[in-house]
Amino acid sequence: MEIRKGIAVSPGVSIGKSLIVDSEDYRIPRREIESSQRMGEIQRARNAFRDAIEELTALERAQGEAGGGRIKDIFAVHLRFLRDRSLRRKVTDMIHADSVTAEYAVSTVLREIAAHFETNVKDAYISERAADVYDIERRLLRRLLGTKREDILHLSEEVVVVARELSPTQTAGFNRDYVKGIASDAGGRTSHAAIVARSLGIPAVVALEDLTEVVRGGDTVIIDGNRGIVIVNPDVETIHQYEQYYREFVALEHKLDTIREKPAVTRDGVKITLLGNIEFPDEAEILLEKGGEGIGLYRTEFLYLNRSTDPVEQEQYEAYAETVRVFKDRPVVIRTFDLGADKYTQRRRSAPEPNPFLGLRSIRFCLQNLTMFKTQLRAILRASVLGQVKIMFPLITNIQELMQAKMILHDVMEDLDEENIKYNRDIEVGIMIETPSAALTASTLARDADFFSIGTNDLTQYTLAVDRGNELVSTLYSAADPAVLRLIRTVIQDAYKAQIDVSVCGEMASEPEYVMLLLGLGIRTLSLTSPMIPEIKQVIRSVTIEDCNNLTRKVLAMNSERQIAAYLRNAVRKILPEAF
Ligand code: PEP
Ligand code: MG
């Protein structure tokens, strides 16, 4: 039995057999094999080379017939690599000497060669060959992992997924009937894969360091998504304890579900609006069941992920319309595509950026891809006649971006006018406050925005310069940091002065310990992940605004994140002891 502590990112408990999943960029964990398995692995490696050569030869021939000179040359270079006997020998020698899997040997050997090319910065031609080597690595790994990667999409029994790192796209593809838990070496509380796990209601723990080196496929694994614990091959007594704990957890969930019909009102009668965050149209019904009063954040970019072709206007329209119909006259805030960083379209995956979270992401990406952006805006506007649709632009960093995005929206409106297509001319247009620059210029931005929604996941990341998905710095990542809290306070004050609505839609809104603080700062609308609505409502119904104001005053006078986090945790523990 091995017990590991990581970061709890999605609540719940599960016990199941593990399925090891390799990450999409094929970073392969080192897995050792028995010496009796070495010949089998060597044969697998040889077959992968043989199949890749056959595949490339066919592609090269097809290009030759079509007269595609440059591409044909690239294939010829790749073929020369694959036919190189010394390369193949390096791979098979490694399997033999180190008793590792074929995929690990292929990945290690090719990445060493690529790194060698990359460091040859003097000769641009040679350093560019690194990309070819990565491409060859991917081609070989596709052969070696192909069937396993398919497995995850066609599961027939319940599993607990164990991976080094999961992308949001991969996680979004999990079938929640079969994937009962998730554990990964990498990741942070607000990484998008974690957010998706939470919306799917799959218990998950991340930042487990080298868990993939400890777990083998088929091992029994307990995932405790409440306490951030993973137990590999538990003994009988531990399994019994967890079965009991699971029953208690389910009982608490049921108890909290009974407050579904009750309003989110503080003890002194202040109504708080609880909206939900969704990624897929089918989550709208679940949100409604949990007591959500509308959608505060529809992460539409998930329509783009997990597929090889872009969604056309009609397909997008149908997805938005389906969601709007569920909520009839209640608000549905559709955020325009937040692509880039860790959420790539198939096309962009092949062109990585050095600092993707500081790169061509989100609204910046849309403003450089106008056809795609306009198609989305048309689809949203067409759906706007069906209910109370609002548009929200993500990652605004300055007023020009907002003006430009609004100008494009007006262009699209004119196109629709010309085509006699109906839409809501007075549709509200808001922005997410996710960057320190937006927070610091909130008073200016408020003049051109109908509402603000504070995206605390990114705001925390950019304020503290801490990658939200990097487990190595996860202890530094906290929305309770005084710097983040001061920016949030500024944004709320500026929104009040400009008399526009302001809400919080980052994960901070889903965490019971932050509720009192956010109410004390003046927030009256929260948008959160559906499974957490009952718990958050319970906290709201247990406090008065005066309690919240007092707590907030004390917190704002504190200087350290640690002190603030401990204070907030203590305060909520008194209100909702069962949840801890
Ligand atoms: C945020 O950054 O807080 C947010 C809600 O957006 P996302 O998590 O999708 O980046
Ligand atoms: Mg964000």
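The protein has 23 helices and 16 strands, where helices (H or I, at least four residues) and strands (E, at least two) are DSSP runs numbered from the N terminus. This is a predicted model, in which local features need pLDDT of at least 70 and side-chain atom pairs count only at pLDDT 80 or more, while totals for chains, interfaces and linings use all residues. Residues are numbered from 1 along each chain as its sequence is written, chains are lettered from A and ligands numbered from 1 in the order written, and side-chain values use heavy atoms, without hydrogens or water.

Overall dimensions next. The C-alpha trace spans about 75 × 70 × 45 Å along its principal axes.

Now the ligand. Surrounding ligand 1 are 17 residues, the closest being Arg299, Glu434, Gly455, Asn457 and Arg468; a residue counts if one of its heavy atoms lies within 4 Å. By class, the shell has four nonpolar, five polar and eight charged residues, with nonpolar meaning Ala, Val, Leu, Ile, Met, Phe, Trp, Tyr, Cys and Pro, charged meaning Asp, Glu, Lys and Arg, and polar the others, Gly among them. H18 gives the largest share, three residues.

Which side chain has an N or O atom 2.8 Å from an oxygen atom of ligand 1? That is Glu434. For polar side-chain atoms of Arg335 the distance to a ligand oxygen is 2.9 Å, and for His192 3.0 Å; a polar contact is a pair of N or O atoms within 3.5 Å.

Note on methods: A polar contact is a pair of N or O atoms within 3.5 Å; within protein, one must be able to donate a hydrogen and the other to accept it, and residues adjacent in sequence count only if both atoms are side-chain atoms.
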